[in-house]
Protein chains: 2
Amino acid sequence: MALATRLQVPPELITVAARRVMARCEELARVTSTPGSITRVYLSPEHARVNRLAAEWMRELGMTTRQDAAGNQVSRLAPVGAPDAPALLLGSHLDTVPDAGRFDGIIGVLMALEVVRLVRRRDEDGVASSPFPFALEVVAFSDEEGTRFGKALLGSSAVAGQWEASWWDLTDEDGVTLREAFREFGLDPGRVGEAARRPDELVAYLEAHIEQGPELHRSGQALAAVSSIASARRFQLIVEGEARHAGGTPYDMRRDALLGASEAALAVERICRGEHHIVGTVGQLEAFPGAVNVVPGEAHFSLDLRGEFDDTRDHTWDEIARELDAIMGRRGLSWQAREVHSAPAVFCAPLLQDVVRAGIGGEAPTLFSRAGHDAMSIGAITDVGMLFLRNPDGISHHPDEAVSGDDVAVGIQALAEAVLHLAAEPR
Amino acid sequence: MALATRLQVPPELITVAARRVMARCEELARVTSTPGSITRVYLSPEHARVNRLAAEWMRELGMTTRQDAAGNQVSRLAPVGAPDAPALLLGSHLDTVPDAGRFDGIIGVLMALEVVRLVRRRDEDGVASSPFPFALEVVAFSDEEGTRFGKALLGSSAVAGQWEASWWDLTDEDGVTLREAFREFGLDPGRVGEAARRPDELVAYLEAHIEQGPELHRSGQALAAVSSIASARRFQLIVEGEARHAGGTPYDMRRDALLGASEAALAVERICRGEHHIVGTVGQLEAFPGAVNVVPGEAHFSLDLRGEFDDTRDHTWDEIARELDAIMGRRGLSWQAREVHSAPAVFCAPLLQDVVRAGIGGEAPTLFSRAGHDAMSIGAITDVGMLFLRNPDGISHHPDEAVSGDDVAVGIQALAEAVLHLAAEPR
């Protein structure tokens, strides 16, 4: 690691930056489709509103900004005289799960803006530029959670040039296809390829994110570098039995799809608990026709499976599938699974792990991420690095999700220092 | 049993009547809020449409008809010179469960109309009247299933004068209250009491219905008299845990509400199977927030509990509640139950069982009904009797629900004969 220029700003500026991040988290939290809680999904009116807010904040820093062909809000600050210089991407996402917290994704976008504010150069006329041989770009990804269409990382997949044609027919809970939602939002499905970036346009991608787990809270540390992001697979499962009258159908004639799905959810827990570093979650489950007096003829549920390594994750899925065969066989039910998401484990580049640890300073811890992040997609086109912030009690995807202003302040400083360390690297 | 006048009509008339019933079942099946399947709920545009159709068919028989203050369609044919004579009520309901069959409830209304057609008297000018000392009324109840508001038997409860003020705040899945739905349908919540009938206005209530169970199919018989209707209780249950990120939350920190609800559904099955003549059904279950990547913090489910006798039903609920305490305690979850429906077992009057058996003729079987029926509410104001029709394989509350035209023909004949037997009884 080369000796790097250290950030030369008064500490008060960092404090002010962290306060602005916290205030903007509150401001974004008010943009929701579910008043009283936070829900902001891809291609919704709320998506458009937060993109407009982010664009305003980007322009305020002297950056140019555009909404790309997949609805990501992208901003750029080039070095003087090198408008086409490759870019260091900084960012995260602005979409949320239903009934979300205020920080997951959001804090990474807002911290990236503060890093640009701290490191940018301004000439005598106040015109901003990148002080590095590369441009600085802040990206607010449009869909990371996959809340609306069940497919995660749509925004960053478009940027990575990995958009798949089969996704156009994914539907939301109202039956609206992704294709229709694109058009309704004002985007052209035929041009989604234009959101893709080429590896030679990019220097690296750095993302700050709350940990979404309890490790830093348990160890009493504010920040960590990330070594890798867990591999994940997601399935939508359907169990089919027979809908029958709840009163008149004796137990020996029932083929109750909900009871099969209930056994399946418990089997997922039992099997994954028995593995090391694997978690399986059934987050959605619904019975159909869904009447109080009808034996459910069909049940739908989701399965989210994550592991540190691809092979143990796949082995666990095989074991779950065998168990589902047994459960459904006993109950006279049939089942099928559609894989809606699959992402291999992504490893952060050693150099970027080094600059993040150097940015944190001292004995910086390193964690592996059980949660998925935009960096997973972007890893396909450039090196990625991540900085984790302590998440009290590890509560995320929940209104109680938290991060402290003090941790955000040291996080902004560490991320800015990491950028300076990276800029000081011989290339 | 006194010797009764037998129905004096050519057999072809009965065949034609059964064909008309089957054709009208198809016609009503087309009135649905879910094209491609049958769903017709209380106070919906579809409810208004089937009431208009029923009214037309009632008037065609020379009956007077009105929609009562709770949305039931009621028709009447009085004896000559006795416009205020007490009435024999015949009927059933026209609402459905979601994705319903074509016969549950509907066939009872349509068969009642055919019985009126077969037994009515017509003068030289073709003006129809009841040939008995009592009036004939056909009622199409507006809500038996409880699909929309989770509370069953709303229509017949209004007729029985048992409407409860607390029901006005029940909501449908869109948050619309029963009060608002009443107004939107054009009814006045303040006048619901006007739907109530007094015992002295009524002679009895006779209802034909498909069995909604496999007993007649298994024994190879077309019709049965009903001895009693099972007691039922319905609950809406909520399990509360904590919503957390599916990737970042280790198993030892999870309080997964869906897994608690899944264990509960399986416990209901285990406990009820161990009892005699008790069935428990979880027909609805949903996880919240309901995202693929969030550990469910809340789960909602329904429980429908039925038994031949009230005390075993209540004892079973107590056992389920104890088991829920144990399950939720182990998982760090809390649970609560709201009772949304409770109906004691209702016994059919011995005289009405006799006339129905006499109407069927031969060695008529007698069954107890595990399913609830409008007769349960009406039992509070007058004697009730029921006729069951064979339901192939016992499939009900499902698109495959069936009844044969031949069984409908013998059913119409039996119901008409039962009315004649009743009229011949000394009063």
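Analyst: Welcome! Helices (DSSP runs of H or I, at least four residues) and strands (DSSP runs of E, at least two) are numbered from the N terminus. Residues are numbered from 1 along each chain as its sequence is written, while chains are lettered from A and ligands numbered from 1 in the order in which they are written. The model is predicted, and local features need pLDDT of at least 70, side-chain atom pairs count only at pLDDT 80 or more, and totals for chains, interfaces and linings use all residues, while side-chain values use heavy atoms, leaving out hydrogens and water.

User: Which residue just after helix 9 of chain B takes a positive phi?

Analyst: Helix 9 of chain B spans residues 350-360. Just after this helix, a positive phi of about 80° is taken by G361(B).

User: Which helix is included in what covers the buried residues of helix 9 of chain B?

Analyst: The cover is judged by contact, meaning heavy atoms within 4.5 Å. It includes strand 7 (202-210), strand 8 (223-229), strand 17 (366-369) and strand 18 (384-389) of chain B. It also includes a helix of chain B, residues 405-424, namely helix 11.

User: How many bridges join strand 9 of chain A to strand 14 of chain A?

Analyst: Strand 14 of chain A (residues 298-307) is mostly covered, with 8 of its 10 residues buried. Two strands pair if DSSP finds at least two bridges between them. Strand 9 (residues 231-240) runs antiparallel to strand 14 of chain A, and V239(A) stands opposite A299(A). The number of bridges joining the two is 10.

User: Which residue in strand 14 of chain A is the bridge partner of E286(A)?

Analyst: Strand 14 of chain A also runs antiparallel to strand 11 (residues 278-281), with 4 bridges, and there V279(A) stands opposite R306(A). Strand 12 (residues 285-288) is joined to strand 14 of chain A by 4 bridges, again antiparallel. In strand 14 of chain A, the partner of E286(A) is H300(A).

User: How many salt bridges does the structure hold over all chains?

Analyst: Side chains of opposite charge can pair when their charged atoms come close. A salt bridge is a side-chain nitrogen of Lys or Arg within 4 Å of a carboxyl oxygen of Asp or Glu. One network of them links R76(A), E137(A), R197(A), R198(A), D200(A) and E201(A). Over all chains, the count of salt bridges is 58.

User: How far apart are the closest N and O atoms of R117(A) and E114(A)?

Analyst: R117(A) and E114(A) both lie in helix 3 (residues 106-119) of chain A, 3 residues apart, about one turn of the helix. R117(A) and E114(A) are both buried. The closest N and O atoms of their salt bridge are apart by 2.9 Å.

User: Is D393(A) buried or partly exposed?

Analyst: The side chains of R244(B) and D393(A) meet in a salt bridge (3.7 Å, N to O). This pair crosses between chains, from R244(B) in strand 10 (residues 244-245) of chain B to D393(A) in the loop between strand 18 (384-389) and helix 11 (405-424) of chain A. R244(B) has a relative accessible area of 2%, so R244(B) is buried. D393(A) has a relative accessible area of 34%, so D393(A) is partly exposed.

User: How many residues apart are R148(B) and D172(B)?

Analyst: R148(B) forms a salt bridge with D172(B), with the closest N and O atoms 3.0 Å apart. The pair links distant parts of the chain: R148(B) is in the loop between strand 6 (135-141) and helix 4 (154-159) of chain B, D172(B) in the loop between helix 4 and helix 5 (178-185) of chain B, and their separation in residues is 24.

User: What distance separates the centres of domain 1 of chain A and domain 2 of chain A?

Analyst: Domain bounds come from an automatic or database domain assignment, which for chain A gives domain 1 (11-230 + 347-424) and domain 2 (231-343). Taken over C-alpha atoms, their centres are separated by 34 Å.

Terms used:
Buried < 20%, exposed > 50% of the residue type's maximum accessible area, 1.4 Å probe, protein only.
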